[in-house]
Amino acid sequence: MMSPFTIAIDGPAAAGKGTISKAVAAHFDLAHLDTGLLYRAVGARMLMGEEPISAAQTLVAADLENPDLRTAEVAQSASKVAVIPEVRAALLDFQRAFARRAGGAVLDGRDIGTVICPQAEVKLFVTASPEVRAQRRLAELTERGFETDFDTVLADVKARDDRDMNRADAPLRPADDAVVLDTSELGIEEAVAIAVKTISAARD
Ligand code: C5P
């Protein structure tokens, strides 16, 4: 399949986007871009004292290898730099080119179906209740050795939702033609199976 085939997967933090995107990319043999990593890389450079716009404009592949990108501190910093229109603009072309690469691609983020690739052939909006998302994020952070608790993680999730949904530029929301997948009551395998089925129907 050589013509571009883009799968846009958007949704709030810890709803299962990352897991679903990786599984879908493997299933359909498509390239995958976790666009949150771009904002996290800019957020990490801001925490090191850099000005976020110039950090976004000079981002290099090695920035995405930074082992600290998954911390809660970098996540908050990412959602702060993500409200700056010039930061978003600096990351736009790379994401658009990736989305339309030959052979097809899966991109996950907040604005893929609405801003980066409104012509995506399939759009999924993966969501879950804030409590379920906080519980999942807590399990993930605990497993990776971070000491935290449910209330702290829930407050972080809600603060990030608030910033992501209420910013002026590219706010988090489902595209009008997105299929909404609520994973609150679903296991990973069930959620992936629904995503694969939705995409298969769109490809036929
Ligand atoms: O997906 P992840 O949690 O890694 O994203 C970190 C932050 O980056 C989000 O909270 C959001 O503020 C920002 N982001 C964005 N647009 C995207 C992907 C991420 O604004 N497409």
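The structure is a predicted model, in which local features require pLDDT of at least 70 and side-chain atom pairs count only at pLDDT 80 or more, whereas totals for chains, interfaces and linings use all residues. Residues are numbered from 1 along each chain as its sequence is written, and side-chain values use heavy atoms, with hydrogens and water left out.

Helices (H or I, at least four residues) and strands (E, at least two) are DSSP runs numbered from the N terminus. Two packed helices are described by the angle between their axes and the distance between the axes. The axes of helix α2 (residues 36-47) and helix α4 come within 7 Å and cross at roughly 100 degrees. Helix α2 is therefore roughly perpendicular to α4. Here axes are lines fitted to C-alpha atoms, for helices over the stretch in contact, and angles run from 0 to 180 degrees between N-to-C directions. Angles under 35 degrees count as roughly parallel, over 145 as roughly antiparallel, 65 to 115 as roughly perpendicular and the rest as oblique.

On the α2 side, the residues that meet α4 are Y39, R40, V42, G43, A44, M46 and L47, and their partners in α4 are E73, V74, A75, S77, A78 and V81. The residues of this contact between α2 and α4 divide into nine nonpolar, two polar and two charged. In this grouping Ala, Val, Leu, Ile, Met, Phe, Trp, Tyr, Cys and Pro count as nonpolar, Asp, Glu, Lys and Arg as charged, and the others, Gly among them, as polar. Contact means heavy atoms within 4.5 Å.

S77 is found in helix α4 (residues 72-81) and is buried, with a relative accessible area of 3%. Buried means under 20% relative accessible area, exposed over 50% and partly exposed in between (1.4 Å probe, protein chains only). Apart from neighbours within four places in sequence, S77 is in contact with G43, A44, M46 and L47. The C-alpha atoms of S77 and A23 are separated by 27 Å, at 54 residues apart along the chain. Y39, placed in helix α2, counts as buried at 7% relative accessibility. With neighbours within four places in sequence left aside, Y39 is in contact with A78, V81, A82, V87, R88, L91 and Q95. Between Y39 and S21, 18 residues apart in sequence, the C-alpha distance is 18 Å.

The ligand has 14 residues around it, of which R40, R88, R160, D164 and R167 come nearest; a residue is near a molecule or strand if one of its heavy atoms lies within 4 Å of it. An N or O atom in the side chain of D111 is 2.9 Å from a nitrogen atom of the ligand. A polar contact is a pair of N or O atoms within 3.5 Å; within protein, one must be able to donate a hydrogen and the other to accept it, and residues adjacent in sequence count only if both atoms are side-chain atoms.

Positive phi values occur in two loop residues other than glycine. D29, with phi near 55 degrees, lies in the loop between α1 (17-28) and β2 (31-34) and counts as exposed at 69% relative accessibility. A170, with a positive phi of about 55 degrees, lies in the loop between α8 (150-166) and β5 (179-182), but A170 counts as buried at 7% relative accessibility.

T183 lies in the loop between β5 and α9 (188-203) and is buried, with a relative accessible area of 3%. Not counting residues up to four places away in sequence, T183 touches A15, I20, V126, T127, A128, R136 and A191. The C-alpha atoms of T183 and K17 are separated by 9.7 Å, although the two residues are 166 residues apart along the chain. D93, in helix α5 (residues 85-99), is exposed, with a relative accessible area of 60%.
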